[in-house]
Amino acid sequence: NAKGDLDGAIDSYKQAIKIKPDYAEAYNNMALVLNDLNYFDAAIENFKLALMIDPKSYSAYNNMGIALHDKGEPDAAIDSYQRAIKLKPDYADAYNNMGRSLNNKGDFDAAIDSYNKALQLKPDCAETHTNMGNSLTIRGDLDDAIKSFNNALKIKPDCGDAHFNKSIALLLLENFELGWAMYEWRWKTVLRSGRFLRSSKPVWNNEQKKSVFVWGEQGIGDQIMFGSLIPDMHASCSKLIVQTDKRLIPLFKRSFPDNVHSISNIEYISEEEYDAHIPIGSLPQYFRKTIDSFTKTSGSYLKADKSLSFSLRKTLLDNDSQIICGITWRGGNKKDSAAKHKSIELAKIAQVLSRKNVKLVNLQYGDTDQEVNDLRTKHNINIFNVSEVDTFNDLDGLAALICACDHVVSVDNLTVHLSGALGIKTSVLLPFSCDWRWGMTSKTSYWHSSISLYRQVKIFDWSDPLEELKKDFSY
């Protein structure tokens, strides 16, 4: 396998270094392999060893920058690229890579400037044009972004990243018909969304009265969001099998018609069971071609366990006039480079929501004990923990807890999609460079009518959306 080949390469480089300890290129090449295996620290150490032997190796500085970028250290990466450029002023690749790290830092203007320098030196680089388009998209310059993606495609017509990222710009512009068609290129990107199903059966293409297998892809939030199209799909085929994350099975079984067969992603499905298949993220190209088409399921389409929800609410309420507000403040996961931009300090959000008649309930997944304790001791604000519900593993329990709330306030994470799908009043705090599904400027979500959006006006600055939320949170 590929990993075995890489491990073999590392052994070969180690042997070479044993024979010739001052072999800088062997250290550099071994570091590249280690970085491919996600051993970032080991890769960086080997790049440093290569540079001790050959301090003028601009390629080692550039490669070390890539490893630092992949590790999530953009400032150190930028410093490494700058050292490479000092040694080789016409180093287009280093300018391109530096642009990626500047983009991750949120310095989009500097990133674009770096890409422009790269393109002056190497105008026929499809990757740089694509990266430029990404930064322009985040900055909100969508027409220019599309031009950059088109430039990339002129150079490399089969560039999956340029096609896919162009689809994101088109979806942001609410050009759904073309946007969804190009969204299919997600399977051809460098960081592809997963593995496409191997099946001898054809991909469904809107043929009626077929037995169809819809299989889950991307994250759980995506599967909940795209799950809004299951009713459309159910009406379009004779038999429907839906495969999704096992944590969603109780919710899906309760929410959709009995003859929708919901199975877990760890279960095997025989090809004899279906005539055609389709990934769940490909359904919108058939059913959500206009902004109006989203109203079909934008209210609520998932159903929580009513008896559990009633029981949880009864436990939470101290009196009938109390408002229960569920909150989360951290977004994404450790592998999500944008997670830190989505997240807010708990104290900032809790202080905005704190009222005598409002009970704050913790919906945040992960370990939150320290943050909750600090909030209590430093700000005298309590957040109620519901120990009966594992908010990460028990999504059916989380759904019931959300439905026990009058209002949910959250950053962009799984909770938002679940709350919106359940039709609960939800306020979402969005970073400046927010995900495509929230559009560019709208204060509401076309996916979920119960969701209100509060957007950063300046990057990393939560003051404007929090102030707007404070005015609207009138309990």
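# Helices and sheets, one question at a time

Q: What is the order of the strands in the open sheet of 4 strands?
A: The order is β3-β2-β1-β4, and the pairing is parallel. Two strands pair if DSSP finds at least two bridges between them. This is a predicted model, where local features need pLDDT of at least 70, side-chain atom pairs count only at pLDDT 80 or more, and totals for chains, interfaces and linings use all residues. Residues are numbered from 1 along each chain as its sequence is written, and side-chain values use heavy atoms, with hydrogens and water left out.

Q: What makes β3 and β4 edge strands?
A: β3 (260-264) and β4 (276-279) each have a single partner strand, so one side of each has no neighbour in the sheet. From one strand to the next, the twist averages 20°.

Q: Which strands stand at the edges of the open sheet of 6 strands?
A: Its order is β7-β6-β5-β8-β9-β10, with parallel pairing. β7 (383-384) and β10 (451-455) are at the edges: each has a single partner strand, so one side is left without a neighbour.

Q: What makes β6 and β7 a pair?
A: Strand β6 (residues 358-362) and β7 have 2 bridges in the parallel sense, and at least two are needed. V361 has F384 in β7 as its bridge partner.

Q: Which strands does helix α21 lie across?
A: Helix α21 (residues 414-421) lies across β8 (407-411), β9 (426-430) and β10, and runs at about 150° to β8.

Q: Why are α16 and α20 called oblique?
A: The axes of helix α16 (residues 306-316) and helix α20 (residues 395-403) cross at roughly 55° and come within 8 Å. Angles under 35 degrees count as roughly parallel, over 145 as roughly antiparallel, 65 to 115 as roughly perpendicular and the rest as oblique. The two helices are therefore oblique to each other. Their contact (heavy atoms within 4.5 Å) joins L308, S309, L312 and L316 in α16 to G397, A400, L401 and C403 in α20. By class, this contact has 6 nonpolar, 2 polar and no charged residues.

Q: Why are α10 and α11 called roughly antiparallel?
A: The axes of helix α10 (residues 160-172) and helix α11 (residues 176-183) cross at roughly 155°. That angle is in the class over 145, so the helices are roughly antiparallel to each other. Among the residues that meet are F164 and L171 in α10, with W180 and Y183 among those in α11.

Q: What makes α3 and α4 roughly antiparallel?
A: Helix α3 (residues 40-53) and helix α4 (residues 58-71) have axes that cross at roughly 160° and come within 9 Å. With the cut-off at over 145, they are therefore roughly antiparallel to each other. F47 is one of the α3 residues in the contact, and M64 is one of those in α4. The contact of α3 with α4 has 10 nonpolar, 1 polar and 4 charged residues.

Q: How do you know that the radius of gyration of the protein chain agrees with a compact globule?
A: The globule rule is 2.2 Å times the number of residues to the power 0.38, and the radius is taken over C-alpha atoms. For 475 residues a compact globule would have a radius near 23 Å, and the chain has 25 Å, which agrees. Along its principal axes, the C-alpha trace spans about 75 × 60 × 45 Å.

Terms used:
Axes are lines fitted to C-alpha atoms, for helices over the stretch in contact, and angles run from 0 to 180 degrees between N-to-C directions. Ala, Val, Leu, Ile, Met, Phe, Trp, Tyr, Cys and Pro count as nonpolar, Asp, Glu, Lys and Arg as charged, and the others, Gly among them, as polar.
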